[in-house]
Structures are given as C-alpha cells and as structure tokens.
Amino acid sequence: MAEDEYLVEMRGIVKRFPNVLANDNANFTLKKGEVHALLGENGAGKTTLMNVLYGLYRPDAGEIKVYGKRVEIRSPRDAIRLGIGMVHQQFKLIPVHTVAENIILGIREAGIILNTGKINQELSRIIESYGWRISPESRVWQLSAGEKQQVELLKALYRKARILILDEPTSVLTPQEATVLFQTLRKMAAEGMGVVLITHKLDEVMAVSDRVTVMRQGRTVATKRTSETNIEELVNLMIGRPLIKIKPTRQIPEENHILEVSNLVVLNDKGLEAVRKVSFKLYRGEILGVAGVSGNGQQELLEAIAGLRKVVSGKVLLDSVDITNRHPSEIIDLGVGFIPAEALRYSAPEMTVAENLILKAYRTKMFSKNILVDFKNVEKTAQELVAKFNIVTPSTRNKAGNLSGGNIQRLVLARELWTLPNLRVLLALYPTRGLDIASTENIHKYLVEKSQQGASVLLVSEELDELMELSDRIMVMYRGEIVGILSRSQYDVETIGLMMTGVKKLEVQA
Amino acid sequence: MALRLERRLEISRKLSASISAFFIILAIIAASLVFELLGVSSVETLSKIYYVFTTPATLLQAVLRGLPMGFAALGLCLAFKMNFWNIGADGQIYMGMMAATGIVLMHAYYGLIPEPLVLPAMVAASFIAGGVYCALPAFLKARLGVNEILPTLMLNYVAMRFVDFLIYGPWRDPKGFGFPVSIVFPDYARLDSFLGHSAYVGFPGAIAVAAVLYGLLQKTTLGFEMRVMGQNIEAARYAGIRLGRTLLTGSLVAGGLAGIGGLVIVSGIIGRLRPGASPGYGYTAIIIAFLSGLNPWLALPASVFFGGLLVAGDVIQSTLNLPFAAVQIFQATIFLMIILGEFFKRYRVKVVR
C-alpha cells in the first residue's frame, strides 16, 4: 500500500564525537504521508541523527535508504537533491533580502538570469495553497518569527522536497503560531510528504504526529503509533522513569517582606520605558511568579534589581537596605542570586566548568585566600556540584562552552543556588526555557527546596502551568506595569490569560 | 572528492608541536625559494641563519634583541587576555625609553638622583610611563566606551613624535656635533655594566616577569577577574566584577611592561636615545603574543626567535649584500607560515569522497 511506502530508512546509525557517542545504533523510518515525531531529552541525539540524514554529519557506521535505495549523503546538497529539506532551530535567512531572494539562494537550476516574475508566481501559488500571509517581495527582517519559519518551509516546498525535517520548530513560536504550523504540517503530510518533527514537548507529539520515535542517550528506544501510546508511557521511555510531580505543601509565608520594590522605572536597550512605576513586595520564603508575554518588562525588572540595569527612578530595598543602582557585586554579596534565561550569555565559555561554577563566589572567603583563588577548594566543590546537579561533562576542567544547553543551565543553577554564602533572594528569568522535562523538573525541585529553606524566589516564566504549580502568588505584567497580583486561591488560567493582555478587571490588592 | 574544514574541539600538545614544526620547515623552504629568486644561494643563506641560532655570541645577541619585544609581548598577553586590543605597545615602548632617558638626564644634568638609585629609578619610571600611557585609552574605554584600537594605535605616533621633539630639541647631546641623539648613558645607567652583557640581566628579568604574570593570571582573584572580563564582558558584569578598575590595573601592567622593553632598548642595546629607536618592536610583539597563544611562558622563546631573525637579517644584509627588503620578505614568509600553522591547529582538513 502506498501509505506504507518508506521514504527513509536509517539502520544502525553510529556517530561519535570526541568524548560522546551521540548516536548509538539508532534506527529510524519515515513513511510517506506521515508526521513522525522524534522525541527525546536534550542531548539524546535527535538533532545529530537528523543532521546525519541531511548530510551535515557523516555517520561512523550504519546505512541509510531513501525511497528504498541505499544512498550516501555527503553534504546538504546531496540531501536537497534527494528531496530532503531541513528547517533548523536558528533560521538560515538573510534579513535584508526578500523572501524570494532567500528562497532561490543556492538553487543552481534558477539559472544566471532570474525570471523573477515566474518565481514569484510559483511562490505565491504555494503561499496561497497553505493559507499563509507572507509575500515573496517582503523583506525577511520585517517578518515575525512564525513568518520566517514559513519562509523556511516555503524554501523546502519550492525545492519540491518530499522529506522535511523540523528541528524544535515551536521553540520560537507563540501558541497561536504553533497551531498554524501544525495545520501546515498536517497538510504537507496529506499531500504525500514525510515530515520529521524533532521535539521534546509531549503535547506537540500528541497533537500532531502519526508515529513517534523516542530517543534516549543516543539510542532509539521505541517507535510507537501516537494513537496507541500516551504521555505517561512516552515520559517513561524518554527519561527511563516516571515523572515525579512536585506538590509544594507549604505554609503561608511569614508576613514580613525581604524585598520591596517601589515606583521602579527602568529603560530597555532602546531607551524606552520598559518598567513603569512598578511596586511590589516579596515575602520571606515565598515564590512569587511573574506572568506575562515575554518582552513586557520582566527581564528589565529583574536586571534592575540585580544591579545590571540602571534604575531611572524608584527604589529597591533588600531587607530595608537601599540597593537601588548599587554595583552588582554589592547586591550579590547581600545575597541576591540571578538565574538568567540564556545561560551561555552569562558564562565564560573558554574557561573551565569549575571556574564557571565560582564565577560569582571567587572572591568569597570560601574560595579565596588573600589575593589568591583557592583552586584546591574550587576543584573539590566543583566535583561535588557536578555530581549533585548531574552536570554531564568529562571533567571539571572541560571548557564550559563545550557543554550542551541543558548542562550549562544546570551549571548556572548550581552556581546560583550553592556557591553564594547567604542566598536570600533568587531572581529566576525563564529558568526552564528550552529545557527538557527532566531538567525542568530538577529546577523546580531546587527552587521549591530553596524557598523552603527561607530564600525568596521571583520567578519569571511564560509557562502558566509552571507558575501555577510553584508560585505562592502570581503577579501579571503587561507593558511594563503590574496588572495585578493573585494569591493561590485566585489562580485560574483564563483570568491570568486575560490579565496578560492588560485587562485589569480582577485587580487584587496584595 | 572534496576537501572540507572541520573545527577541532581539542588538540594534543604533540600534534600542535608537530604542526608548528612542519610549517617552520615549510617556511624555510619557501624562504629558500625567495633567496634563489634573488640570485643568492639559499643553502648559504640558511646556514648563516642557522649559525645565528647556534653560535653562543650571536644567540646572546638574539636574546638581547628579542628582549624589548619580549617584555612588550608579555604585557600584550595580559592585555589581550582581557580582550583589550592594545595596538599601542610601540608607543608605550617609546614612553618607557623617554622616561628612562629622562632619569639619566636628571642625574647627569642636575644631579637630582644619587648614582646607585639611577637604574632602579629608570626601571620604575619606564614602567610607570608605559603603564600610564596604556591606561589612558583604557580609561577612555572604561568611562566613555571608546574602542581602544584606534586610540592605542594613534598614540604610537604621538609618542614617537614626542621623542623626536625631545631629541631634536632640549635633550640633544650638546657635544653630539648636532646629531639628534641624547648623551651616551653613563655606565651606572646601563644594563651591561653589571654582568658584562645586557641579556644576562634582562633575560632572567623577563623570566621572572613571565612567572609573575602567569601566577597573576592563573592563581589570583584579580587574574580570574581579568580572564572572565576578557571572555565575556556581560558575564563579568553579572558576576559583580568591577570592570573599570580591573581594566585600568591590567592596562597599567601591560603598558608598564612595554615601557620596560623601552628601557632595555636605551639602556641595554643602544646606550642612548635616538629617533626611531624602536623599529616597530611593539608591532612584532603583537605577533609574538598571538603565536604564544597568550601564554607568557611561550612568549619568551618566541621573542628570542624573532630577535634571532633580526640578527640574522643584519648578517645576511652585510655578508650577502642583500637589500633590507629581502630580509623583510624572509621574515614575512616566516610570519605567514606560522599563522597558517595556527590555522591548521584550529581546523582539520578532511578528504570527503
């Protein structure tokens, strides 16, 4: 039957990197007309496997069949010739060029003299058939993330790809854009293409895929029909054990506050007001969630508290001590930790894991003697933290830049939670963004643990589930202002969702 | 069949050393071709270069000629580690020469400093002069965010011309038949008056500096701050490092070492101040710092090597009657090959079939 026709068969794929076996005897098949989810945690080898198929890596062992014929794919050009397209996590587009220019870039068949009219016509036809709203003539920099992704898809369609690989496509999209993408993928499958969806998000797998292959530690552990499996089973396959749900059973925080922010005004990088007269109090031992679509001043607020961004007016009091516009080192010494969203942006990639772990604490008594850094103790502590936080690295002397995203995030967490002597307030900015289930679970566990030990957490997140699960109160931000603060009994997805759009009807005094 | 470049994640010391050796051999072959094209025997020329590095007397000379570049390069190792792109080592060398000469003149003309203190005062003054001259653009960077590359580069010319002014004007030797030179330094102001050769004082000094610098960078909290700042300035700010203070301290030391290089020139090599006393030592120091991978220990042998090339250049020029340009071509070939070698240390070539 045509439906069972294999577009791709990969058998026994092995790919070694220095110190890592990225693919260990991995098997993968793609049928005509299906959306096939490739599921696994960060570092499980999903992207590596697909990069092998796309010719970016050459496997050390194993065979690949495309349309039933054994092939050697040496470069992306070979892959494209075979009708394989790939949309990477980072878009490979030139912002100043038009959509059409980006698409014909690198297509030799387009010839030397471009028939722009014909190309645009063809592109418009495809765009229309998918119900998109981009134009071949618009410049790429004008497009939103979702539209840029459509350009990437359009590129594959224009090249008549029959096999399409998408690497974590929803990581840059809003929920609405993701829905549109899934409709597109279903339509592509219906037209006979085979679509591979690399993801670590289970709801996406359930929502859009026909079959799912789960990878763990470089191996493909199972391939299932999506209709015949469920989330629990997939989690089990992915992380090798069931998920532990955190149910914070916590007493109401003491009524005295540790951090008080009043009438804070902060500018963003463009010099516009990003935080407008924000006032709130953070109680001892409390987790205060900050909800809101990202870009509504959350980042600037946290950076200003940490001393990384200038406060224009207003005050930040830490335990009644004025820390407004104090140097970051003083604020750190007073016990304020900061987990940034992009861990790599705040680490020294060419320095060792151990050195990155003491990035903030190198000057404390614990790790220094007079003018010298006590590297013996640094090494000892680093060993302990690497073990405690499951940081996967060949040694503590490995360069931090060589770690995978999830591991760097763990490193940052270890640094913020364990190396600072008197952590009192922890600012967490999208701490779990882009992380897989097990890493997220870990971070949640540590945040709750720290708050139970008396530290207060200001948790900024876009995931409402995360906020509602962990927070004692949720504060909603919109356009730099606080729309309202809800206490645990008032949580309700719809209310919070409405408030995220600036509706103040349920204003609650904290 | 096609060739593809792949980035190496890590490289063993053995492989790194053998790549360097291979490209040095390649450089010698390429240089031989150049010599043959110029109509001189390459064997003869190379044997003269070989002779420079194997004869104690010329090797000592190579060490000495390498010292100004060596000190400057040590400073640059520190500056570049901080991501402070100091192109101004030459200017800092000139300031060091000026300060050292100034101390000598203060003693000789006015008797302001007791004789045994002249040399220590010269060391201190040249270090401070070079350091402050380097800290100036660092201050601009820290305070106003001015990129350091152009200021440091342009300050080179300021320093060079200022020294010219002094030498053609107030500092000209009254008994020098009108030549633009300072007075000849007296013995107590010269490095070779102690152990018979300036290199006997200078080279151990350079080793000591390298050791201190290495310790500073790798073992101290200040060095830790400098390295973090050099890697990622945002991370440094986030870690609570006082950027301006760290940058100023580092640039003072970096420029100060170049200043010491200047001291070696006037007090150890020429014995007086004259215009153009640094023929671009500060620029070669940049190359040395890079070739040694910003490792102070490696900067020393590298500077001896480049010092040797200068000596060899003199020998070739005088015995084979080649123009100075030929010597420069020879040196440039070596530079190029070494840089090419560095490239292959970072990337591997894969044959893809």
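**Reading strands, helices and a contact**

A: Start with one pair of residues in this predicted model: A:Ile287 stands opposite A:Val457 of S20(A).

Q: In which sense do strand S13 and strand S20 of chain A pair?
A: Strand S13 (residues 287-291) and strand S20 (residues 456-460) of chain A pair in the parallel sense, over four bridges.

Q: What is the order of the six strands in the open sheet of chain A?
A: The order is S16-S19-S20-S13-S21-S22, and the pairing is mixed. S16 (336-339) and S22 (481-487) of chain A are at the edges with a single partner strand each, so one side of each has no neighbour in the sheet. From one strand to the next, the twist averages 15°.

Q: Which strands of chain A does helix H9 lie across?
A: Helix H9 (residues 298-305) of chain A lies across S13, S16, S19, S20 and S21 of chain A, and runs at about 150° to S19(A). Helix H16 (residues 493-500) of chain A lies across S13, S21 and S22 of chain A, at about 30° to S21(A).

Q: At what angle do the axes of H1 and H14 of chain B cross?
A: They cross at roughly 150° and come within 8 Å. H1(B) and H14(B) are therefore roughly antiparallel to each other. The residues of this contact of H1(B) with H14(B) divide into 15 nonpolar, four polar and one charged.

Q: How many residues does the contact take from chain A and from chain B?
A: The contact takes 24 residues from chain A and 19 residues from chain B. On the side of chain A that touches chain B, H10(A) gives the most, with three residues.

Methods. Residues are numbered from 1 along each chain as its sequence is written. Chains are lettered from A and ligands numbered from 1 in the order in which they are written. This is a predicted model: local features need pLDDT of at least 70, side-chain atom pairs count only at pLDDT 80 or more; totals for chains, interfaces and linings use all residues. Axes are lines fitted to C-alpha atoms, for helices over the stretch in contact, and angles run from 0 to 180 degrees between N-to-C directions. Helices (H or I, at least four residues) and strands (E, at least two) are DSSP runs, numbered from the N terminus. Angles under 35 degrees count as roughly parallel, over 145 as roughly antiparallel, 65 to 115 as roughly perpendicular and the rest as oblique. Ala, Val, Leu, Ile, Met, Phe, Trp, Tyr, Cys and Pro count as nonpolar, Asp, Glu, Lys and Arg as charged, and the others, Gly among them, as polar. Two residues are in contact if their C-beta atoms, placed from the backbone, lie within 7 Å. Two strands pair if DSSP finds at least two bridges between them.
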